[in-house]
Amino acid sequence: MPLGERYGGDKSESRYCGVETEFDDDMPNLLSFNIHGGFDFVLATLMDPNYRPSQVDEDTSRSRALPFAGSDLVLSPSQWSSHVVGKISSWIDLDSEDVTLRKDSEIALKQELAWASHLSLQACLLPTPKGASCANYAKCLNQILQNLGSMQLWLRIPLEKSENDTEARNPDYMGEGHTDSWELWNSFRLLCEHHSQLAVALDILPSLPSASSVGRWFGEPVRAAIINTNSFLTNARGYPCLSKRHQRIVTAFFDHSIQVVISGQPVHNVPVGASGPNADDHVEGGWRHPLKSYLDYIAFLYQKMDPLPEQERFELGYRDYLQSPLQPLMDNLEAQTYETFEKDTVKYSQYQRAVAKALVDRVPDENASAVTTVLMVVGAGRGPLVRASLQAAEETERKLKVYAVEKNPNAVVTLHSLVKLEGWEDIVTIVSSDMRNWDAPERADILVSELLGSFGDNELSPECLDGAQRFLKEDGISIPSSYTSFIQPVTACKLYNDIKSHKDLVHFETAYVVKLHRVARLAHTQPVFTFTHPEYSAKSSNQRYKKLQFDIPSDTGSTLIHGFAGYFDSTLYKDVHLGIEPSTATPNMFSWFPIFFPLRTPVCVQPGTPLEVHFWRCCGSTKVWYEWCVTSPSASPIHNTNGRSYWVGL
C-alpha cells in the first residue's frame, strides 16, 4: 500500500515503496508475502543465479526451458507490470577478461531482458558495471535498447565519491581509492547516447558524499533509491531510523518522484512477532513482514513532508515541459493567456505598491487634491495594470488620468467593457494602437508596463519602451525602472532528451520557457544583461554581449552541462522589486517560469575547471535574437547564428 498521501489526489510515483528480494521460483508466494507485508512492488531476480549458458548441454538446451522464476502464467499480466521490477543476474560481467564469462554474460543479458519484455515489466534493474571499463556492456545494452519497446532499464550505481583535496584540485589524479560513481554513470550514458529508456537506481550507502556532489543526481534520470538495512541507525527505542543527512536526501528523492526500495536482511532487533514463508498464513495472527519497521520509517518520512502548496499543485503538469516563449509583438495573446496572467495577484500587488510610491514622490500631500498625474499603461491587455494603478491612486488619495494603450483589438473590446462596468469613463482613455506608433496628446508623468519575459528582455521590453519613451516627461518615471537577466549552468537530462527527440538543429537552438524540476543547479546565478528606463543616452543600443565564468564547487565532482537556466530580476520602483532569480524570487508568483538555453552537445566539466560562457543579444531590423556558446573547458559551436532557429519578431 502507498506510503501515504501528502495532498488530495497525490499521484507521485514516490508514494510506492519496493523491496529487493532473493531468487525464488515460487513467484506467487514471493509477491504475496511482500505485498501483504506492506510493500508495493518487488525487485525480483528473474533467472536462477546458478544458471550459466556455457554449462548447458547444446542437445538438452533445445528441449529444456530456461530456469526463469516461474512461467508467465503464474501471475496475471497486471501483477507482472504493476508489482514486479525485474532484476538482471548480478554475476553478469560483460567486460570481463574471462572470455567464457563475457560470452555467458552477453547471452544471459539478452535472455533475461527478452523475458522481462515478454512479461511487459515496466522496468528492469541492471547490475553495476564491474570495472572502470564498461564499453562492451554499453554496446550490448545499446543493441537491446534499439528494439526494447517501452520498458525502462535502471542501471544500479552506488552513491559514492571520495572526498580528497588532492583529487579535487587535480582532475587527472585517479590514484588508489579515487571513486566517483557519477563518472561511471556518465561514461555509460554517453556510450548509450543519452538513451531516454536508460535510467539510474542509486544504492544509498551508510556514508554519503557532499551535498554538492549528491545534488548532481537531481538532474539525472534517477528512478529508484535502494537503501540497504545497514544504512539505518538505531533510535532510543531500538527501531531503525536514518541520519539527518540521509533523511534530507530521502525527502529530496520523494520530491523528485524517486521510489525507495528497501534491501538487505533485518539488522534491528525489533519484535516482529511470528514470520514464515507464507505471508497469508500469518496475517491474522499479528504477523509482520521482517522489514516492516524499515518500511514504516520510510512512510513516516513521506507523511511528515509538508503538503504541496496549491500553486505547486497547479504547476505539476508543467514540470520539465518545454514551451516556446510568447511572441507578444508578432502575435496577439488569446483570452486564456490573459486569464492565466491576471490571476497572479502577487504581481499586481507589487505593481500597485510601486505606483503608490511613485505617486507619493511625484505629488506632495499638500498638492494631492490639486495636481492630476498623467499615467500611461502601455500594453494594457485586458486592464489589470489599469486597475492596480487606480487602486494605488485611491490608496494614496492622489488624482489620476490614465491612458490605456493596447495593440490587440480583441483585448481592447474587453477594456472598453471593463471601463464602462467600473465607471472609469472620466478617468481612463483607451487607445487602440501599437505604443511605438502612437502620437500621444500629452506627455506622461508615469509610464507603466508589463512587457517582461522570463529572461527580462526576451519579450522586447527594451524596444517597446524605447518607442514609448518619447511621450514620457523628462523627469518622468518608468515602472519598471530596470531589469537584469541571470543564468546558471544546469544538468537537465530530461530536457536534453526531449529536445534531442526532435532530431534537428532548430530545437537545440531555441530557448524554452520551462518549470524546472528535475535539474541540478551547478553554480550560483550570474547577471547577464541589464536595461534601464528611461534611457536618454544618445549612444544607447539594445545589443549586448557578456562573457561569464562559472566556478562549480570543487567538492561537486565532475558534471555534465546540458544548458543554462535563465531568470530575471526587476526593480519596479525604488525598493519594490519583482523577479524569479532564485535567491531573490518574489514568493507565490506564477506569471513566469525560467527560460532554458540548451547546448547541442553537453559539456563535461572536471573538478576545479572553470566554465566559460558567452551570451549575445543581437538586434536586426525585423527581429531580436540570442546567440550563445561555451569556450572552456571545451569549445561548443555558437548557437543560433543570425537567429536562424529562434528569434523574437519586432
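Trainee: Which residues does UniProt list for "domain: PRMT5 oligomerisation"?

Mentor: UniProt lists residues 482–648, in an unreviewed entry. Such positions are given in the numbering used here, feature names are shortened, and annotations may be inferred rather than shown by experiment. Residues are numbered from 1 along each chain as its sequence is written, and side-chain values use heavy atoms, with hydrogens and water left out. The model is predicted: local features need pLDDT of at least 70 and side-chain atom pairs count only at pLDDT 80 or more, while totals for chains, interfaces and linings use all residues.

Trainee: How much of residues 482–648 is helix and how much is strand?

Mentor: Helices (H or I, at least four residues) and strands (E, at least two) are DSSP runs, numbered from the N terminus. Residues 482–648 are 7% helix and 47% strand, with end C-alpha atoms 20 Å apart. The UniProt annotation "domain: PRMT5 arginine-N-methyltransferase", also from an unreviewed entry, covers residues 310–479. That span is 39% helix and 20% strand, and its end C-alpha atoms lie 30 Å apart.

Trainee: In what order do the four strands of the open sheet lie?

Mentor: Strands of a sheet pair through backbone hydrogen bonds, either parallel or antiparallel. Two strands count as paired if DSSP finds at least two bridges between them. Here the order is S20-S24-S25-S26, with antiparallel pairing. Strands S20 (544–550) and S26 (648–649) are the edges, each pairing on one side only. Strand S24 (residues 611–619) is joined to strand S25 (residues 623–632) by eight bridges; Val613 has Val630 in S25 as its bridge partner.

Trainee: Is Phe314 buried or partly exposed?

Mentor: Buried means under 20% relative accessible area, exposed over 50%, and partly exposed in between (1.4 Å probe, protein chains only). Phe314 is partly exposed because its relative accessibility is 47%. Phe314 belongs to helix H11 (residues 310–315).

Trainee: And where is Val514?

Mentor: Val514 sits in the loop between strand S17 (512–513) and strand S18 (520–521). Val514 counts as buried because its relative accessibility is 0%. C-alpha to C-alpha, Val514 and Phe596 are 6.8 Å apart in space, though 82 residues apart in sequence.
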